[in-house]
Amino acid sequence: MSTTKGLEGVVATTSSVSSIIDGVLTYNGYNIDDLADHASFEEVVFLLWNKKLPNKEELDAFQKELAAASKVPDAVLAQMKTYPIDQVHPMAALRTAVSNLGLFDEDADNQDKDANLKKAVKLQAQIPTIVTAFSRIRKGKEPVAPKKELSFAANFLYMLNGVEPDDISVKAFNKALVLHADHELNASTFTARVCVATLSDMYSGITAAIGALKGPLHGGANEQVMAMLSEIGDVSNAESYIKDALERKVKIMGFGHRVYKDGDPRAKHLKEMSRQLTEITGESKWYDMSVKIDEVVTNEKGLLPNVDFYSASVYHSLGIEHDIFTPIFAVSRMSGWIAHILEQFDNNRLIRPRAEYTGPDKQKWIPMENR
Ligand SMILES: CC(=O)SCCNC(=O)CCNC(=O)[C@H](O)C(C)(C)COP(=O)(O)OP(=O)(O)OC[C@H]1O[C@@H](n2cnc3c(N)ncnc32)[C@H](O)[C@@H]1OP(=O)(O)O
Ligand SMILES: O=C([O-])CC(=O)C(=O)O
């Protein structure tokens with residue numbers, strides 16, 4: 001048997017949801033650059049699930065369907081109020097609340113295609129409600145109900161803050177959602193596929209995926225980037241901070257990627273958004289610091305920023321609390337997880353690789369009194 005640590009380079013499935021070929025990311029063949037510039041998040045979700053862009057009627061109907069499904073069962077919200085809010089990270093709250101949603105869906109274990117599509121809409125529609133509700137509940141505020149007439153991106157910011165966002169924020173947030181929606185067989189998507197390949201249910205697959213996204217080597221890196229920027233504090237400290245960290249073999253969050261070795265195509269969009277938004281907020285220091293870190297890490301290690309690096313200063317500039325950054329990633333990636341789960345169900349086989357055994361052999365049983 002031969003092994004590849006971390007399954008690097010191993011092709012584990014076929015998929016037509018998204019591709020990374022020669023450093024170019026596409027969703028069902030559409031270049032991420034085009035989608036970032038032109039698509040609404042709702043259009044991207046439709047594309048990922050239906051493998052085609054929606055026409056006007058299809059998009060209108062899909063938006064209405066999402067809006068109609070956005071209410072979270074009262075029992076789930078009531079239970080969120082009992083979480084030990086002082087010690088619970090919003091990703092842990094999200095993981096638990098999404099698992100809880102499954103308890104209140106009578107179709108949770110119904111594997112019919114229509115039932116799965118219904119669950120898909122509910123999960124996509126309800127994840128913003130959960131994330132924003134938790135953010136408010138822990139501050140002693142009541143959750144804000146979504147407005148049917150607002151877009152997905154606008155509604156998230158509205159439910160988070162209780163005031164309708166301005167157009168610039170909505171445009172930026174929509175673009176961030178589009179950029180995070182899917183990414184081939186990343187760790188959380190693989191987790192979701194492994195889970196449902198046992199013919200477990202969609203809620204279990206999504207709950208498992210949220211758990212995988214939470215880690216700082218994956219989606220959790222965006223919050224850690226902001227923690228690093230806050231610790232550095234000023235562009236004048238950036239070079240020495242990074243050099244010192246690298247010398248101590250500390251990983252710089254937001255840099256490096258398992259697949260992209262010549263740069264993540266999403267990062268340039270987020271970099272430009274960071275530049276524009278920090279200028280608007282009068283806090284260019286976050287962008288200046290980020291650019292300096294980017295320069296030092298590239299020079300010292302040859303590593304380039306990934307999607308998590310500039311998204312940190314983008315979300316910060318939108319006034320979002322730092323521990324909500326990764327839940328926002330989950331709000332967007334829900335679309336990709338679902339697309340992959342549906343694809344897995346369509347052509348399923350149990351995912352069960354092998355392990356090369358490295359433990360001791362031919363051990364002799366030792367009675368308790370002799371151990
Ligand atoms: C949405 C996403 O999930 S994007 C990724 C988000 N995660 C991060 O930003 C965390 C920081 N980055 C990393 O930890 C890694 O680059 C990963 C997890 C993204 C990719 O990991 P892998 O493909 O397994 O690369 P691996 O960790 O083996 O790195 C290879 C070498 O580069 C170094 N390296 C990789 N990333 C970094 C980094 N961010 N800072 C410093 N050194 C790094 C490693 O220490 C290793 O060096 P070595 O060969 O001297 O031991
Ligand atoms: O693909 C990966 O390994 C991680 C990533 O960039 C993502 O999930 O967006």
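## Close-up views of the predicted model

**Figure 1. Leaving aside residues up to four places away in sequence, I210 touches M91, L94, R95, V98 and A330.** Two residues are in contact when their C-beta atoms, placed from the backbone, lie within 7 Å. The model shown here is predicted: local features need pLDDT of at least 70 and side-chain atom pairs count only at pLDDT 80 or more, while totals for chains, interfaces and linings use all residues. Residues are numbered from 1 along each chain as its sequence is written, and chains are lettered from A and ligands numbered from 1 in the order in which they are written. I210 sits in helix α10, residues 202-213; helices (H or I, at least four residues) and strands (E, at least two) are DSSP runs numbered from the N terminus. I210 counts as buried because 29 C-beta neighbours lie inside 10 Å. The cut-offs refer to other C-beta atoms, placed from the backbone, within 10 Å of a residue's own: 20 or more is buried, 12 or fewer is exposed, and anything in between is partly exposed. From I210 to T189 the separation is 21 residues in sequence and 9.3 Å in space, C-alpha to C-alpha.

**Figure 2. Here is the whole protein, with its 16 helices and 3 strands.** Its radius of gyration is 21 Å, close to the 21 Å that the globule rule gives for 371 residues, so the protein is as compact as a globular protein of that length. (The radius is taken over C-alpha atoms, and the rule is 2.2 Å times the number of residues to the power 0.38.) The C-alpha trace spans about 70 × 55 × 45 Å along the principal axes. Buried residues make up 44% of the 371. Among contacts with a separation of 6 or more, 75% are between residues 24 or more positions apart.

**Figure 3. Helix α5 (residues 90-103) packs with helix α16 (residues 325-346) at an angle of about 35°, their axes 8 Å apart.** On the α5 side the contact is made by P90, M91 and L94, and on the α16 side by T326, P327 and A330. Sorted by class, this contact holds 5 nonpolar residues, 1 polar and no charged ones. For the classes, Ala, Val, Leu, Ile, Met, Phe, Trp, Tyr, Cys and Pro are nonpolar, Asp, Glu, Lys and Arg are charged, and the others, Gly among them, are polar. Axes are lines fitted to C-alpha atoms, for helices over the stretch in contact, and angles run from 0 to 180 degrees between N-to-C directions. Two of these contact residues of α5, M91 and L94, also touch I210.

**Figure 4. Helix α6 (residues 113-137) has a kink of about 30° at Q126.** The kink comes shortly before the proline P128. A bend is the angle between axes fitted to the seven residues ending at a position and the seven starting there. The 25 residues of α6 reach 35 Å from first C-alpha to last, close to the 36 Å expected at 1.5 Å a residue. That expected span is 1.5 Å times one less than the number of residues.

**Figure 5. Helix α13 (residues 267-281) reaches 21 Å from its first C-alpha to its last, close to the 21 Å expected for its 15 residues.** Its buried residues are A267, H269, L270, K271, M273, S274, L277 and T278. Their cover includes α1 (32-38), α8 (167-180), α14 (285-301) and α15 (307-317). After α13 comes G282, with a positive phi near 75°.

**Figure 6. Helix α2 (residues 41-50) is largely enclosed by the rest of the structure, because 8 of its 10 residues are buried.** Those buried residues are F41, E42, V44, V45, F46, L47, L48 and W49. Just beyond α2, K51 has a positive phi of about 60°.

**Figure 7. This view takes in helix α9 (residues 187-196) and the loops on either side.** E184, in the loop between α8 and α9, has a positive phi near 50° without being a glycine. With 18 C-beta neighbours inside 10 Å, E184 is partly exposed. A187, in α9, is partly exposed too, with 18 other C-beta atoms within 10 Å. A187 touches A212 and H218, not counting residues up to four places away in sequence. In the loop between α9 and α10, L199 is another non-glycine with a positive phi, about 70°. L199 is exposed, with 12 other C-beta atoms within 10 Å.

**Figure 8. Q224 lies in helix α11 (residues 221-232).** Q224 is buried, with 20 other C-beta atoms within 10 Å. Apart from residues up to four places away in sequence, Q224 touches P216 and M253.
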